[in-house]
Each structure stands twice: as structure tokens, then as C-alpha cells.
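Subject: Structure for you to look at

Hello,

Here is the structure I said I would pass on.

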Amino acid sequence: LLVSRQALPVLPHREVSLDMMASGAYVLYESQGPVEAIVIATGSEVHQRLLYEAAWCYQWLGEVEVDAARAKLIEEAIKKQKEDAAKQPQPANTPAVISVRTPIILITAIPLQPSEKLSRDQYKALIALKPESPLSIIGRLELAELHERRDEFDPAIALLNEALNLEPQPDVEEKLHLRLGSCLVAKNDHANAFAQFAAVAANAK
């Protein structure tokens, strides 16, 4: 049973009770057997959690798509090496020997995959729904990690700074400082990166 008077979207469910919806509540899932427990959820937290879980699902699918795209680029690169080698003149009466090298394909050479974009979209929707909630702070951290993975350091740094300004829990704050320090090192901003690492070291004391 979901109960809310906020301006939230109606979650997908099989049967709609207009009377309950008009009152701000509806049943999301009906039990198919004996009822052992009733879960009641209220407010935007339910919607946030669904967005967060969707972001994780799309993130996993994105990794699969990136691996597939990388494999395709490697296959194309090896094929081109073989074609170029076959065009080279060979000594008479000598078997052709074609040597190929498996290339290293960085993620920055792979276009942003559909599920990667969908994962980012879920995180953005999560943050927009309730910007100061603890889950939104974690969402900023994880979205920043997705940006950092593709060397998109500026948006990552902006998200991490936003999260730090929201007074996160100590364990989350430590992760934010470490991730921000890593991004700053990548941008050769060693002085500010050291400040982030020093903040973690100070808290450890």
C-alpha cells in the first residue's frame, strides 16, 4: 500500500482503484497467496528508491554494452591489421606470416552506450526529486563515479562538491572526499587534491 499526497507519479501496477488514488493511496502489489506481511510505504522515498535501483540496473547493462562495443572495435582493428599485412609484398616461395597485435581500447574511445545514458538519467531524476535526501547524496557520488570513469572530471567534481555541501553522513563524506581527490589528481590539481585526502586523514584521527 502506497500512501502519498505529494505530486509524485503513479507507479506501475495492475489494478487501479480510483477512489484510493483520489485519496492519495493505492495498492501496488496484491498477494497471490497467504498474507505474511503488509508493506506500507509513504512519500517520495519509494520513488527515489525505485529510481536508484533502476540506475543500478542500467549501470550493469551499460557495462555489458561497453564490453560488447569494445570487443567489436578490437575485432575490427585486428581485421584491418590482417588486411594491411596481406597487402605487403612477400618474398617468393615463402609462406605468408601475418602477425597481429590485440589493441587496447580505452573506454574513452567507446561512445556512450544507451544503458549508460539511461543510468545517468535515473540518477539525475533521483537527485531532482529530493535534492537533499541521503539517497540523493549517494546518487551524486555514484553519478560522479560514472563521469570519472569516462574522464569527464568537471561534472564529477561539481556533483561531489554539491554532495559535500549537504552535510553527508561521515562514511559517505569520506568516500566523497576520496573520489573528489582522485578527480582533482587527474586534472593535475594536486594542492586541492591533497586537501581532500587530508580531510579524510583528519577524520580518521
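The model is predicted.

Aromatic pair

Searching the whole structure turns up one aromatic pair. Its members are Y52 and Y123, arranged edge-to-face, with 6.4 Å centre to centre and 75° between the planes. The pair links distant parts of the chain: Y52 belongs to helix α2 (residues 45–86) and Y123 to helix α3 (residues 114–129), 71 residues apart. Both Y52 and Y123 are buried.

Helices α5 and α6

Two packed helices are described by the angle between their axes and the distance between the axes. For helix α5 (residues 153–164) and helix α6 (residues 170–186), the angle is about 150° and the axes are 10 Å apart. Angles over 145 degrees count as roughly antiparallel, so α5 is roughly antiparallel to α6. The crossing of α5 past α6 is left-handed. Residues in this contact include F153, I157 and L160 of α5, and L176, L180 and L184 of α6. By class, the contact of α5 with α6 has eleven nonpolar, two polar and two charged residues.

Helices α4 and α6

Helix α4 (residues 134–149) also packs with α6, at an angle of about 25° and with the axes 11 Å apart. The two helices, α4 and α6, are therefore roughly parallel to each other. Here too, α4 passes α6 in a left-handed crossing. Among the contact residues are I137, L141 and E145 of α4, and K175, L176 and R179 of α6. The contact of α4 with α6 divides into six nonpolar, one polar and four charged residues.

Regards

Definitions and conventions:
Residues are numbered from 1 along each chain as its sequence is written. This is a predicted model: local features need pLDDT of at least 70, side-chain atom pairs count only at pLDDT 80 or more; totals for chains, interfaces and linings use all residues. Side-chain values use heavy atoms; hydrogens and water are left out. Rings of Phe, Tyr and Trp (its six-membered ring) pair if their centres lie within 6.5 Å; planes under 30 degrees apart count as stacked, over 60 as edge-to-face and the rest as tilted. Helices (H or I, at least four residues) and strands (E, at least two) are DSSP runs, numbered from the N terminus. Buried means under 20% relative accessible area, exposed over 50%, partly exposed in between (1.4 Å probe, protein chains only). Axes are lines fitted to C-alpha atoms, for helices over the stretch in contact, and angles run from 0 to 180 degrees between N-to-C directions. Angles under 35 degrees count as roughly parallel, over 145 as roughly antiparallel, 65 to 115 as roughly perpendicular and the rest as oblique. A crossing is left-handed if the near helix is turned anticlockwise from the far one by less than a right angle, and right-handed if clockwise. Contact means heavy atoms within 4.5 Å. Ala, Val, Leu, Ile, Met, Phe, Trp, Tyr, Cys and Pro count as nonpolar, Asp, Glu, Lys and Arg as charged, and the others, Gly among them, as polar.
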